[in-house]
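Please walk through this model with me, moving from local contacts to the whole chain. Each term is given with its cut-offs where it is used.

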Amino acid sequence: METVDPIITLLIIFVLACMVGYYVIWGVTSALHSPLMAVTNAISSVIIVGAIIAAGPSEINFSSMMGFFAIILASINIFGGFVVSHRMLSMFKKKEKKTKK
């Protein structure tokens with residue numbers, strides 16, 4: 001019996017996860033985007049913790065480089081999520097009426 005290379009298995013899982021994620025996000029109604037963004041920020045914070053652990057060793061190898069890139073990408077994702085959430089929440093604030101003096 002022939003075994004499948006683990007890299008191929010992980011690549012297939014990654015591609016399938018990307019496809020499922022794309023279709024799940026695409027089907028979300030606009031009313032659920034804020035809660036979805038909050039969950040995405042929470043997941044990204046967990047990713048940063050794992051990436052810091054991966055990037056932590058003093059020797060530079062593939063996993064430390066990938067950990068470094070994961071820290072950068074998750075940080076961008078968290079920052080962007082907070083910006084989008086702030087903009088969406090500001091849309092629901094009541095505008096102040098200017099009074100004449």
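A polar contact is a pair of N or O atoms within 3.5 Å, where within protein one atom must be able to donate a hydrogen and the other to accept it, and where residues adjacent in sequence count only if both atoms are side-chain atoms. With that in hand, one can turn to Ser64, whose side chain reaches the backbone oxygen of Asn61 at 2.9 Å. The model is a predicted one, in which local features need pLDDT of at least 70 and side-chain atom pairs count only at pLDDT 80 or more, while totals for chains, interfaces and linings use all residues. Residues are numbered from 1 along each chain as its sequence is written, and side-chain values use heavy atoms, with hydrogens and water left out.

Ser64 lies in helix H3, which spans residues 62-91; helices here are DSSP runs of H or I with at least four residues, strands are runs of E with at least two, and both are numbered from the N terminus. Because its relative accessibility is 7%, Ser64 counts as buried, a class that means under 20% relative accessible area, with exposed set at over 50% and partly exposed in between, using a 1.4 Å probe and protein chains only. Beyond its neighbours within four places in sequence, Ser64 is in contact (heavy atoms within 4.5 Å) with Ala54, Ala55 and Glu59. Helix H3 also holds Met66, which is partly exposed at 39% relative accessibility, and the C-alpha atoms of Met66 and Ala51 are separated by 7.8 Å although the two are 15 residues apart along the chain.

Another region to inspect is helix H1, residues 6-26, where Ile8 is found; at 41% relative accessibility, Ile8 counts as partly exposed. How are pairs of aromatic rings described? They are described by the distance of the centres and the angle of the planes. Rings of Phe, Tyr and Trp (its six-membered ring) pair if their centres lie within 6.5 Å, with planes under 30 degrees apart counted as stacked, over 60 as edge-to-face and the rest as tilted. A search of the whole structure finds 3 aromatic pairs. In Tyr22 and Trp26 the ring centres are 5.8 Å apart and the planes stand at 20°, so this pair is stacked. These two residues are 4 residues apart in helix H1, and therefore separated by about one helical turn. Tyr22 is partly exposed at 46% relative accessibility, whereas Trp26 is exposed, with a relative accessible area of 65%. Tyr22, Tyr23 and Trp26 form one aromatic cluster.

Finally, for the chain as a whole, the protein chain has 3 helices and 0 strands, and its elements run α-α-α from the N terminus on. Of its 101 residues, 11% count as buried. Among contacts with a separation of 6 or more in the protein chain, 58% involve residues 24 or more positions apart.
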